[in-house]
Amino acid sequence: MTLLQPAPTAFMIDLDGTLVDTLGDFVAVLNQVLSDLSLPAVRREFVEHTIGQGSEHLIRSVLAEVGAPPAQYDPAWTLYQHHYERLNGLHAAVFPGVMEGLVALRALGLPMACLTNKPAAFARELLKRKGLDRFFDRVFGGDDFERKKPDPLPLLKTCEALGSASSTTWMVGDSSNDARAAHAAGCPVALVRYGYNHGQPIDEVPAQRHIDRLDQLIG
């Protein structure tokens with residue numbers, strides 16, 4: 001029996017930093033791209049503080065960080081797609097409590113979607129490789145909609161796809177991007193404390209719930 005208020009009719013759950021620790025994947029892929037372009041490597045800490053707003057933003061930020069001209073974006077993007085497809089999930093791990101939390105949420109019998117800014121093909125493949133795809137009715141990536149989180153559009157479109165009102169569809173994420181999108185869409189939001197929030201304390205971000213593990217969301 002869930003204690004969440006408002007009582008949920010569906011769930012939308014972020015991927016990177018919420019379900020799976022993918023920081024190692026990003027660092028490996030980005031530094032391979034930079035090496036291919038004869039550019040210096042980027043620091044792990046920079047990547048951790050930059051991920052979460054989509055691959056395009058990440059690549060542009062990394063190129064700027066290492067002093068590369070904006071004209072390098074197109075070849076970097078092509079290399080990024082190639083290397084991410086190859087390395088997707090190899091340096092990533094499911095966070096503690098995620099599998100147990102998804103089992104508990106699935107047992108509620110409510111629709112669930114994974115909603116991420118990661119490109120949809122990479123998101124679906126990562127969920128499959130980590131054994132998480134079976135929990136979700138729908139999976140939407142950053143290239144499925146005209147705009148990405150923190151814009152509310154992906155959340156509103158996902159609510160429509162799940163057949164659930166935004167006011168009772170919970171967004172579960174790890175960053176201010178998730179919270180801002182949820183607030184703008186009129187969705188309640190729960191934030192996990194272990195993810196990537198651009199280097200800022202997640203407890204400072206307004207939300208209905210802050211949790212240490214996904215399996216603490218209901219109960």
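Me: Which residue stands opposite valine 172 in β7?

Reply: Strand pairing is read by asking who faces whom. In this predicted model, valine 172 stands opposite alanine 190 in β7.

Me: Which strand joins β6 through 4 bridges?

Reply: That's β1 (residues 10-13), which runs parallel to β6. Alanine 10 stands opposite threonine 169 in β6.

Me: How many residues of β6 are buried?

Reply: For a strand, check each face in turn. On one side of β6 you have Thr169, Met171 and Gly173, on the other Trp170 and Val172, and all of them are buried. That's 5 of the 5 residues, so β6 is largely enclosed by the rest of the structure.

Me: And β7 (residues 189-192): which residues point which way?

Reply: Val189 and Leu191 point one way, Ala190 and Val192 the other, and all are buried.

Me: Now a helix. Which residues of α6 are buried?

Reply: With a helix, look down the axis and see where the buried residues fall. In α6 (residues 120-129) the buried ones are Ala120, Phe122, Ala123, Leu126 and Leu127. They fall within an arc of 160° seen down the axis, so they line one face of the helix. Turned away from that buried side, α6 carries the exposed residues Ala121 and Lys128.

Me: What do the buried residues of α6 pack against?

Reply: Four elements: β2 (20-21), α4 (73-87), β4 (112-115) and β5 (138-140). Just after the helix, have a look at the backbone too: glycine 131 takes a positive phi of about 70°.

Me: Where is aspartate 133, in relation to α6 and β5?

Reply: Aspartate 133 is in the loop between the two. A relative accessible area of 37% makes aspartate 133 partly exposed. Setting aside neighbours within four places in sequence, its contacts are Leu127 and Lys128. As for distance, aspartate 133 and alanine 123 are 10 residues apart in sequence and 9.6 Å apart in space, C-alpha to C-alpha.

Me: Is serine 55 buried or exposed?

Reply: Go by relative accessibility. Serine 55 comes out at 4%, so it counts as buried. The residue lies in helix α3 (residues 55-65). Once neighbours within four places in sequence are left out, serine 55 is in contact with Trp77, Tyr80, Asn117 and Pro119.

Me: Which residues touch the most other members of the largest nonpolar core?

Reply: The largest nonpolar core has 55 residues, and Phe11, Ile13, Leu19, Tyr80, Leu102, Phe136 and Leu217 touch the most other members. Helix α1 (residues 23-36) gives the most to this core, with 7 residues. Take leucine 102 as a case: not counting residues up to four places away in sequence, it touches Ile13, Leu19, Met112, Leu132, Phe135, Phe136 and Leu214.

Me: Which residues does the second core include?

Reply: This separate core of 20 residues includes Leu115, Leu153, Ala181 and Ile202.

Me: Last topic, cysteines. How many disulfides does the structure hold?

Reply: The general idea is simple: a disulfide is a covalent bond between the sulfur atoms of two cysteines. This structure holds 0 disulfides. Cysteine 114 is in none, and the nearest cysteine sulfur, that of cysteine 159, is 14 Å away. Cysteine 159 is in no disulfide either; the nearest cysteine sulfur to it belongs to cysteine 187, 4.1 Å away. A pair would have to lie within 2.5 Å to be counted.

Me: What are the relative accessibilities of cysteine 114 and cysteine 159?

Reply: Cysteine 114 has a relative accessible area of 0% and is buried. Cysteine 159, at 3% relative accessibility, counts as buried as well.

Note on methods:
Residues numbered from 1 in each chain as written. Predicted model: local features only at pLDDT ≥ 70, side-chain atom pairs only at ≥ 80, totals over all residues. Heavy atoms only, no water. Buried < 20%, exposed > 50% of the residue type's maximum accessible area, 1.4 Å probe, protein only. Contact = heavy atoms within 4.5 Å. Arc of directions from axis to C-beta. Core = buried A, V, L, I, M, F, W, Y, C linked by side-chain atoms within 4.5 Å. Pairing = 2+ DSSP bridges.
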